[in-house]
Amino acid sequence: IRHHNTIVADAGAALIDVTKVAQAQSLTGVEFAAGIPGSVGGAIFMNAGAYGGDIDDVVTGAEVLTSDDKVIHLDFHQLDFGYRHCSVQDNHQIVLSATFSLTSGIAEKIQKQMNHLNQLRESKQPLELPSCGSVFKRPKGYFAGKLIHEAGLQGFQIGGAQVSTKHAGFIVNVDHATATDYLNVIAHVQKTVFDKFGVHLETEVRIIGEESVKSL
């Protein structure tokens, strides 16, 4: 739903679709998200971002369901955004919808920027293989992918899960990988990078369940 220069999107809507609606309405500001997979709710929950932009740059508020079954509105300050963080994580809330505040622009220029960023993504990320996206948060003062690359881990594989040879920050499914394969690769990467550089890599992906991890 558009009202002036804002777009209201349900949590289940694809974030990419929001960027398409914005472009069609000549609204700029959310081009950075043109290639981010996943839902609006997930993007709010994790403060998703790419190519210098984050959700907290464009979201002014959200409707959420509280743990005691109340629907409330959280404004920008109450969302308390941080790096891959939002207050709904701490308060065990469920995002229902979000309001994006954008700026009037020129549709053709917006589309050109979206195309450019998607071409960059395709050239640098292993989109040709299934993955869970970027696995690790950026450690302060470092880049996760660079540390993993310098640790000699590109191509490292357990079961069907492999550290991408195209972008070390991704773990790709090369042969019917299981969740346990992924977790074991993550554990090995974390241990190796810590042993070599003294840096702990924190996962950006959310791990749900009780899959067993081998002792590495």
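Reader: What separates the centres of domain 1 and domain 2?
Author: The centres, taken over C-alpha atoms, are 26 Å apart. The domain bounds come from an automatic or database domain assignment, which gives domain 1 as 6-123 and domain 2 as 125-197. Keep in mind that this is a predicted model, where local features need pLDDT of at least 70, side-chain atom pairs count only at pLDDT 80 or more, and totals for chains, interfaces and linings use all residues. Residues are numbered from 1 along each chain as its sequence is written, and side-chain values use heavy atoms, with hydrogens and water left out.

Reader: How many residues of domain 1 and domain 2 are in contact?
Author: Six residues of domain 1 are in contact with five of domain 2, contact being heavy atoms within 4.5 Å.

Reader: OK, why is the pair of F76 and F81 called tilted?
Author: Rings of Phe, Tyr and Trp (its six-membered ring) pair if their centres lie within 6.5 Å, and planes under 30 degrees apart count as stacked, over 60 as edge-to-face and the rest as tilted. Here the centres are 5.9 Å apart and the planes at 45°, so tilted it is.

Reader: And what makes F81 buried?
Author: Buried means under 20% relative accessible area, exposed over 50%, partly exposed in between (1.4 Å probe, protein chains only). F81 has 14%, so it counts as buried, whereas F76 has 34% and is therefore partly exposed.
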